Amino acid sequence: KMATVPLGFNVDSPRWDQSTFVGRLKHFLNITDPRTVLVPEEELDRAKALVEGCRAGLVPPGSSQEQLLYAKKLYDSAFHPDSGEKMNFIGRMSFQVPGGMAITGCMLQFYRTVPAVVFWQWVNQSFNAFVNYTNRNAASPISLRQIGVAYVTATSAALATAVGLNLYTKRAPPLLARWVPFAAVAAANCVNIPMMRQQEIINGITVTDENNNELGHSRRAAVKGITQVVLSRIIMAAPGMIILPIIMERLEKFTFMQRIRVLHGPLQVLLCGGFLLFMVPAACALFPQRCSLALADLELELRDSIVAKHGDKVPYVYFNKGL
């Protein structure tokens, strides 16, 4: 026997105002919580069932609003907002802190030799490929061949940037060499994300009115969404990869740090985790996930189609930009 959903509770309505940065930050602090990665698959499936029950207006008897909110948190952290499918755990935003801190820490530590640069940039781009594929707009399918081309292209861009700058900065101040990994990551993001989501740019993504009624497909909407994601990813990495090298450069001058060189790597990994713990939700919150585009900025054909059907009742269209 099922009970009705608590009065006024809407499982699909965000807990915080998504039109403000602070509201989005609270939302992403909630769903990028690294602890959710450790939640067993069975509990995630129960959370999904509970969310779907809420949508149908029925929940198990005795379900509190706190239980429903926790189920929503798990659902939002582990299931794709477009398809409702469970995402691979490596690609979830909640895995960005543990995964990103390990890889970024190692990139910043092992930057002096070309083999180390090549290895860690390859590991990073493999990780990014998982994340970008997992968080794409799921309404735009991509073939295995396109995934392979995107992966190879982004990895090549990262390696070319990293190795080229690494050789160029051999005679430069040590701090400049420590910033090479960030330059490589930024360059690769500019290639990896658009390539992994190329189908959205080629075919457009679904745009809707404010009530989620489908209006058509727009390439310009895809370009806007992907551009915002690229900026968010670069900003996500920037503080840790720019500020941390300055900190390590200063620390390594102390005698006690020179005695514990073996701990420099673990220290950088932990400090990277500290930066990412805040920067992952902050970068995700920079732009609304439900992005908007003025009707006047759409392709002429789509704009004419919308005006012919709806007149001036649709000043803006909306779409999921991905993460």
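Predicted model: local features only at pLDDT ≥ 70, side-chain atom pairs only at ≥ 80, totals over all residues.
Colleague: How many residues does each domain put into the contact between them?

Modeller: Look at the spacing, then at the contact. Nine residues from domain 1 and 14 residues from domain 2 make the contact.

Colleague: Now the helices. At what angle do α5 and α8 pack?

Modeller: For a helix pair, read the angle, the distance between axes and the handedness together. Helix α5 (residues 114-134) packs against helix α8 (residues 180-196) at about 35°, and their axes are 10 Å apart. That crossing of α5 and α8 is right-handed.

Colleague: And which residues make the contact?

Modeller: From α5 you'll find Gln121, Asn124, Gln125, Asn128, Ala129, Asn132 and Tyr133, while α8 brings Pro181, Ala184, Val185, Ala188, Asn189, Asn192, Ile193 and Met196. Sorted by class, the contact of α5 with α8 has eight nonpolar residues, seven polar and no charged.

Colleague: Can we try another pair? Which way do α4 and α10 cross, right-handed or left-handed?

Modeller: Helix α4 (residues 96-109) and helix α10 (residues 219-251) have axes that come within 11 Å and cross at roughly 35°. The crossing of α4 and α10 is right-handed. On the α4 side, Gln96, Thr104, Met107 and Leu108 meet Met236, Gly240, Met241, Leu244 and Pro245 of α10. That contact of α4 with α10 comes to six nonpolar, three polar and no charged residues.

Colleague: On to strands. How many bridges join β3 to β4?

Modeller: With strands, check direction and partners. Strand β3 (residues 205-208) and strand β4 (residues 214-218) run antiparallel, joined by four bridges. Thr206 has His217 of β4 as its bridge partner, and Thr208 sits opposite Glu214 in β4.

Colleague: What do β3 and β4 form, and what about the turn?

Modeller: They form a hairpin, with five residues between the strands. Find Asn212 in the turn: its phi is positive, about 70°.

Colleague: Last one. Which residues does the UniProt annotation "transmembrane region" cover?

Modeller: Take the record's ranges, then look at the model there. The unreviewed UniProt entry gives 148-168, 229-247 and 267-287. Residues 229-247 are 100% helix and 0% strand, with end C-alpha atoms 28 Å apart. For residues 267-287, the chain is 86% helix and 0% strand, and the end C-alpha atoms lie 32 Å apart.

Methods:
Residues numbered from 1 in each chain as written. Heavy atoms only, no water. Axes fitted to C-alpha atoms, helices over the stretch in contact; angles between N-to-C directions. Helix = DSSP H or I, 4+ residues; strand = E, 2+ residues; numbered from the N terminus. Left-handed = near helix turned anticlockwise from the far one by under 90°. Contact = heavy atoms within 4.5 Å. Nonpolar A, V, L, I, M, F, W, Y, C, P; charged D, E, K, R; others polar. Pairing = 2+ DSSP bridges. UniProt positions renumbered as here; feature names shortened; annotations may be inferred.
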